[in-house]
Amino acid sequence: MSILGFDLGTGSCKGVAFDSSGNILAKAEKGYDTYSPNPGWCELDPMECVRAVREVCLSIREKIPHDEPVAAAFSSHGETIIPAGFRGEPSGPAYMNADNRAFAEVDELVKKIPAKRIYEITGTPPHPMYGLANILWVKEHEPERYQATDKFCPPEAFLMVTMGFDPVCNYSNCCRNMAFDIRKKEWSREILDAAGVDIERMCIPVPSGQLIGKLDREHAALFGLPEGVSIVTGGFDHFSTSIGSGAVRKGMVSCSCGTYEGLTSLSDEPNTSDEAFDCCLNTFCHLDGRYSNFVYVPAGMGTKWIVNEICKTEKDRAQQMGISVYQRLAEKVKELPQKPTELYFLPSTAFTPSRSAVRCASGWIPPPVMDATTCCVSVSDTMSGPPQPPCPRSIFTTGFMLFSLLCSLTSKHCFCYKFSDIAAQEHNDDTYEEITDCERGSGNAQSCKACGNTQPYKQLAGICMREYAGDRMCKREQ
């Protein structure tokens with residue numbers, strides 16, 4: 001006997017079989033490719049996902065012939081929407097979470113219902129990556145496809161339809177649509193009426209862990225599963241990871257890495273405050289009435305971009321050696337000096353906390369750096385001009401920065417980063433007075449010895465930073 005867990009990711013389907021004690025028995029993975037017919041578009045053939053699930057199932061069952069699965073559940077990436085026709089067939093491509101075609105539709109929506117109101121209801125700031133935006137695009141640009149669509153499904157709901165069940169989807173994935181009321185746990189008529197979308201075209205929201213039914217012979221064969229397997233609702237991938245990592249109580253934080261790296265902090269109530277909205281904090285339903293506060297950055301997507309665009313030589317070399325390019329790069333990293341480099345990688349266009357997650361945004365968020373002379377940072381949405389690196393030997397540490405955002409939204413104080421003592425010694429710098437634990441919004445920070453500047457911070461829009469460049473003056477901007 002075994003239990004199957006699947007992760008339907010942005011670029012592949014992964015499956016793992018467990019025994020009744022939670023021990024891993026077997027695992028498999030099958031990739032698939034998205035395509036972009038026009039700039040800013042990102043699509044996937046929905047049946048590629050079905051075929052990937054089938055191949056993963058058959059591979060796992062072949063490895064454990066004496067432990068046939070009795071139940072299965074799916075986690076999946078969020079935001080993606082798949083139109084399903086009245087007979088359960090896909091009536092169009094999967095509009096992926098990286099698709100950004102629907103800016104105009106989002107602009108029109110926020111004229112009818114304010115962005116802050118959408119955020120208060122859904123926990124997500126208006127953006128074309130969310131499912132509702134692409135539903136509006138289909139309605140505007142492909143009205144025949146809109147009329148031919150019975151349900152606009154998140155990935156889990158589409159799989160349920162393809163398995164012969166009702167189009168049900170867990171709460172956490174519904175939350176990634178920009179139309180789900182996270183407090184009432186139902187589709188928001190206020191938003192859908194403003195959008196002009198029929199609520200009947202949305203899937204059926206249900207809790208995670210709910211038994212949906214048992215597969216009949218026909219649909220079991222389609223997915224490579226034995227007849228009679230119980231199908232249970234799963235969850236949004238980062239939601240599922242937080243449970244798997246043990247972060248199931250208020251105040252606990254989990255970090256998950258894949259196409260996106262995300263940090264999830266649990267709370268008893270959803271955080272849709274003005275501060276959270278300014279930082280584009282995402283909030284969605286978790287287990288037992290709790291909520292996940294979520295920030296993310298395209299870590300895996302960015303890594304893949306670097307490999308494809310910059311590391312082509314190493315990619316070819318790895319192929320010749322018969323190993324993964326990532327294994328090859330990991331070996332090369334071991335040869336580097338044990339110090340941060342001068343290279344920064346800041347994928348700000350898809351970074352949750354940055355205003356650059358919104359099209360009209362400007363500004364930057366400085367990278368955190370490691371130990372000693374202090375740099376006190378709160379999230380800045382209003383700064384302009386090119387970034388000035390706090391130290392020539394700095395490294396961008398995504399998880400640490402994301403963690404600082406969560407801390408800044410749940411604490412009275414800014415989160416403080418520190419430079420390397422070695423770097424300070426290299427630059428012979430004794431100009432700066434330590435500034436620690438600056439009270440956010442009060443301007444209660446110590447002054448810089450060099451410039452004596454003590455201008456107060458604006459809440460979540462101030463930054464105090466040390467610059468080892470130019471005249472080495474302390475820079476304070478509002």
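In the predicted model, Glu120 and Lys116 both belong to helix H3 (residues 115–122), where four residues, about one turn of the helix, separate them. The two side chains form a salt bridge whose closest N and O atoms are 3.1 Å apart. Glu120 is partly exposed, with a relative accessibility of 29%. The pair is part of a network of salt bridges that links Lys116, Arg117, Glu120, Glu190 and Asp274. Side chains of opposite charge can pair when their charged atoms come close. The count of salt bridges comes to 19.

Another of these salt bridges is formed by Glu43 and Arg101, with the closest N and O atoms 2.8 Å apart.

Strand S1 (residues 2–8) pairs with two strands, S5 and S2. With strand S5 (residues 69–76), S1 runs parallel and is joined by seven bridges. Within this pairing, Gly5 has Ala73 of S5 as its bridge partner. With strand S2 (residues 12–18), S1 pairs in the antiparallel sense over six bridges. Phe6 stands opposite Gly15 of S2 in that arrangement, and a hairpin of three residues connects S1 to S2. S1 is mostly covered, since five of its seven residues are buried.

Phe6 also has a place in the largest nonpolar core, which holds 82 residues. Together with Leu109, Leu132 and Val197, Phe6 touches the most other members of this core. Helix H1 (residues 46–63) supplies the largest share of the core, seven residues. When neighbours within four places in sequence are left aside, the contacts of Phe6 include Val53, Val56 and Cys57. Cys13, Lys14 and Gly15 are also in contact with Phe6, as are Ala72, Ala73, Phe74 and Ser75. A further core of six residues lies apart from the largest one; among its members are Leu263, Phe277, Leu281 and Val295.

A search of the whole structure for disulfides finds zero. For Cys203, the nearest cysteine sulfur is that of Cys174, at 4.0 Å. Cys203 is buried, at 3% relative accessible area. Cys280 is likewise in no disulfide, and the nearest cysteine sulfur, that of Cys279, is 7.5 Å away. Cys280 is buried, with a relative accessibility of 3%.

Cys280 was also noted for its backbone geometry. Most residues other than glycine have a negative phi. Cys280, which is not a glycine, has a positive phi of about 60 degrees and lies in the loop between H11 and strand S17 (282–285). Asp288 is not a glycine either, and has a positive phi of about 55 degrees. Asp288 is found in the loop between S17 and strand S18 (291–297). While Cys280 is buried, Asp288 is exposed, at 70% relative accessibility.

Asn271 occupies the loop between strand S16 (261–267) and helix H11 (274–278). The side chain of Asn271 makes a polar contact of 2.9 Å with that of Ser273. Asn271 has a relative accessible area of 17% and is therefore buried, the limit for that class being under 20%.

Notes:
Residues numbered from 1 in each chain as written. Predicted model: local features only at pLDDT ≥ 70, side-chain atom pairs only at ≥ 80, totals over all residues. Heavy atoms only, no water. Disulfide = S-S within 2.5 Å. Buried < 20%, exposed > 50% of the residue type's maximum accessible area, 1.4 Å probe, protein only. Polar contact = N/O pair within 3.5 Å; in protein donor to acceptor, adjacent residues only side chain to side chain. Core = buried A, V, L, I, M, F, W, Y, C linked by side-chain atoms within 4.5 Å. Contact = heavy atoms within 4.5 Å. Pairing = 2+ DSSP bridges. Salt bridge = Lys/Arg side-chain N within 4 Å of Asp/Glu carboxyl O.
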